[in-house]
Amino acid sequence: MAGGGGEDRERSRERSQGRAGRAVGRAVSWPPRSAVPAAAGFTESASSFLIGKARSWIAAEAGPGRLLPWVPVAFGAGIAIYFAADREPVASVAGATAVVFCAAAFLARRSRIFPFAVMLAALAAGFATATLKTARVAHGVLARPMFSVTVKGFVETRDERERTDRFVLRVEEMESPRGVMKLERVRLSVKKGTAPAVGSFVELNARLLPPLSPLRPGSYDFGRDMYFQGIGASGFVMGAIRTVDAPRSGGAYLRYAATMQGMRDAIDARIRSVVSGDNRAIATALLTGRRDAISAPVNDAMFISGLGHVLSISGYHMAVVAGVVFFAVRALLALFPALTVTFPIKKWSAAAALIAAAFYLLLSGAEVATQRSFFMTAVVLIAVMVDRRAITFRTLAVAAMIVLAIAPEALVHPSFQMSFAATLGLVALIQIGMPNLFASPDNSQVARAALWGGREITMLALASLVAGFATMPYAAFHFHRVTPYGVLANLAAMPVVSILVMPAGLLGLLAMPFGFDGVFWRLMDVGIGWMVAVSQWVAALPGAIGQIASFGAGALALMSAGIIALGLLRTPLRWTGAGLIALATIWALTTPQPDILVAGDGTSVAVRGKDGRLRLMRTGKDAFLSREWLAADADMRKATDASLTDGVSCDPSGCVVQAADGSTVALTLKPDAFADDCVRAAVIVTLRQSPADCAAMVLDKEMLRRRGTLALRKTADGYAITANKPRGVDRPWSPANADDDIETPAVRSSRPAQPVDATPAESDLQPDD
């Protein structure tokens, strides 16, 4: 009773307090000034809710198992920062910094800042890896043309092309009247069919040129590629090539290269005996990686239609090779019940597929895309052997780390960018889209039969669409075009390539030693003919060629960040990737194009006319340069189009043309033309010495030599100039000019320093000297 009375009194007290509160509430007509309005309270609660959600999403993204795919992203960002530097970093400092950050990340492994520490360590490691790789491959680069050089050396590689052949020579001796430095490797072109055998030691005369610089500021740097291949110059052979006795052995690598080249030549010869023309060149490309012999019309049709990826041995080819071997070996072993019951034939099949993939990697030349696909295939097959899940983002992350650690320069190559972007999209589709697509309740046998193949076709279409969208930014940046009908071409051609062409090629390789390979080359010929017909049909469709004007690396980096966010993030934060892609697209489409382009040799000038299109003034026939300028300007005209010279007036003394603002741009060829050009022209391009009192802006030979190709954009104060080699930039593949007064903190070249005359001028001597 006592307890019950206490509870009654407590409830009575609460009711009285409630009435008092309601009475007080009725007595107060307005809330106090300090009270928060309802709308403000709602806003505050909404913001708190969003902040809380964002924190929970970030925590989920940084949770266990979610960090590994981001490590190669940070590692690649460090490499990108390295290539964006104006001057070469000090390798020892970069390496020590990476060690410190990695140690700090290890010590913080139990701390909340561990994810942040790991990302910083990966960033520093990527930067250091690129720096150390550049220091390791350091070699001399030819600065000026050499018109007659006697060279002796070993032939390391040989490429067959449509019109000429090309080979790389490891230089042992080099003689020139100018007595310049010795280069380590040179790349030389020869008449078709005259390239020497790989592994041979030859003597020849050649004309050497510096590595090709970017064709316009911000475009692809071919010289950087050659630098990391150890090539210091390119050119062509003059006269006969003489095979002589080598002063020493070429080494194990040269013997390996000669063996693999011999196998490629043997395969090409067997295919050539049955198949001819472009079909033969494509068959050889699919099996050996040698695709330079494909004619330009077919090559263009393949890329315009979106089937160009078939010509570059990458993930698709490696997957077909490994898949065919895996299922063939497994089916063969399954014929023996004793093996099936006693031994893990699935793991044996995976091991056989791994060996086949490794052989295919070596046979095809081990390019960057092939390396990436092999490493990813290897991780998948090893996962099968150890009973782990195969295709995951971790698989892609491991493959990316291996490729970037071995060849950090691959990050800035279109092959790496397009290959990994496509693979990222496909892995995301497999892990997100395929479970949803194939998850369905059981149906009757009749319904299953009716729906057979529909999902497979849908999946192929989705895969083509995802891969196409993922690679589109990189195709637009490097090649200035997109493939709107890529899905259509892939749906029509890829089943034939997968079912007929690639399996027939593998069977042809197996049958070669026994002499029964001819039938398989004929099957390849049929399938390749269908693929070429599809590519030419799609390329001829209206609007098949989508041109995109050039844009900067900043927009591409932002697009890349968006693609990575869409692919890797799992919470609603992933949609920030779509926002980044949208911003990058606007940035790319609104990038202003130059009003004037000037070639580094001063022989070609492009000027934007009043109609917004370029006009060309040329003294040479560099169709390649003109074609690239037009493509970067999203101009569909060919380099031989007559409209390119509309409004251009030329005589023996030079050429003039009006720019969009009505001013005149002149290409001056003779000194007597300066009298008029200096008065009437706003800009003069010349290889002659201009008068000191010339009123126009003069871009002369010395400036072009120092700065390379120039892009000029009209501003309120005149013209803003962007150069291929801006003042203050000094990289090993693009050394600064000697008169730019740049201090280099580290020695980056194996070239010995030239002796300098130390005799002081007599007028500079002091009385006590």
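Visitor: Which residues line the largest cavity?

Guide: Let me start with the general idea. Rolling a probe the size of a water molecule over the atoms shows where empty space is left. Here a cavity is a set of points, on a 1 Å grid over the protein atoms alone, where a 1.4 Å probe fits but cannot get out, and lining residues have an atom within 4 Å of a point. In this structure, Glu160, Asp268, Arg280, Ala281, Thr284, Arg290, Asp292 and Ala293 line the largest cavity. Please keep in mind that this is a predicted model, in which local features need pLDDT of at least 70, side-chain atom pairs count only at pLDDT 80 or more, and totals for chains, interfaces and linings use all residues. Residues are numbered from 1 along each chain as its sequence is written, and side-chain values use heavy atoms, with hydrogens and water left out.

Visitor: How many cavities of 30 Å³ or more does the structure hold?

Guide: The structure holds one. The largest cavity contains about 50 Å³ of space, where a volume is the space filled by probe spheres set on the grid points, which are joined across faces, edges and corners.

Visitor: Which helix gives the largest share of the lining?

Guide: Helix α8 (residues 277–288) does, with three residues. Helices (H or I, at least four residues) and strands (E, at least two) are DSSP runs, numbered from the N terminus. By class, the lining has five charged residues, two nonpolar and one polar. In this scheme Ala, Val, Leu, Ile, Met, Phe, Trp, Tyr, Cys and Pro count as nonpolar, Asp, Glu, Lys and Arg as charged, and the others, Gly among them, as polar.

Visitor: At what angle do α7 and α12 pack?

Guide: Two packed helices are described by the angle between their axes and the distance between the axes. Axes are lines fitted to C-alpha atoms, for helices over the stretch in contact, and angles run from 0 to 180 degrees between N-to-C directions. For α7 (residues 252–272) and α12 (residues 345–363), the angle is about 90° and the axes are 10 Å apart. The two helices are therefore roughly perpendicular, a label for angles of 65 to 115 degrees.

Visitor: Which residues of α7 and α12 meet?

Guide: Contact means heavy atoms within 4.5 Å. Tyr256, Met260, Met263, Arg264 and Ile267 in α7 meet Phe359, Leu362 and Leu363 in α12. Seven of these residues are nonpolar, one is charged and none is polar. α7 also lies across β1 and β2, at about 65° to β1.

Visitor: What is the order of the strands in the closed barrel?

Guide: Two strands pair if DSSP finds at least two bridges between them. The five strands of the barrel run β1-β2-β3-β5-β4, with mixed pairing, and the twist averages 50° from one strand to the next. β1 pairs with β2 in the antiparallel sense over ten bridges, and a hairpin of three residues joins the two. Threonine 157, for example, has valine 168 in β2 as its bridge partner. β1 also runs antiparallel to β4, with seven bridges.

Visitor: Which are the edge strands of the open sheet?

Guide: The open sheet has the order β11-β12-β13-β14-β15. Its edge strands are β11 (649–651) and β15 (697–699), each pairing on one side only. Inside this order, β13 and β14 pair in the parallel sense over four bridges.

Note on methods. 1 Å grid on protein atoms, 1.4 Å probe; cavity = no way out; pocket = protein on both sides within 12 Å on 5 of 7 lines; lining within 4 Å. Parallel < 35°, antiparallel > 145°, perpendicular 65-115°, else oblique.
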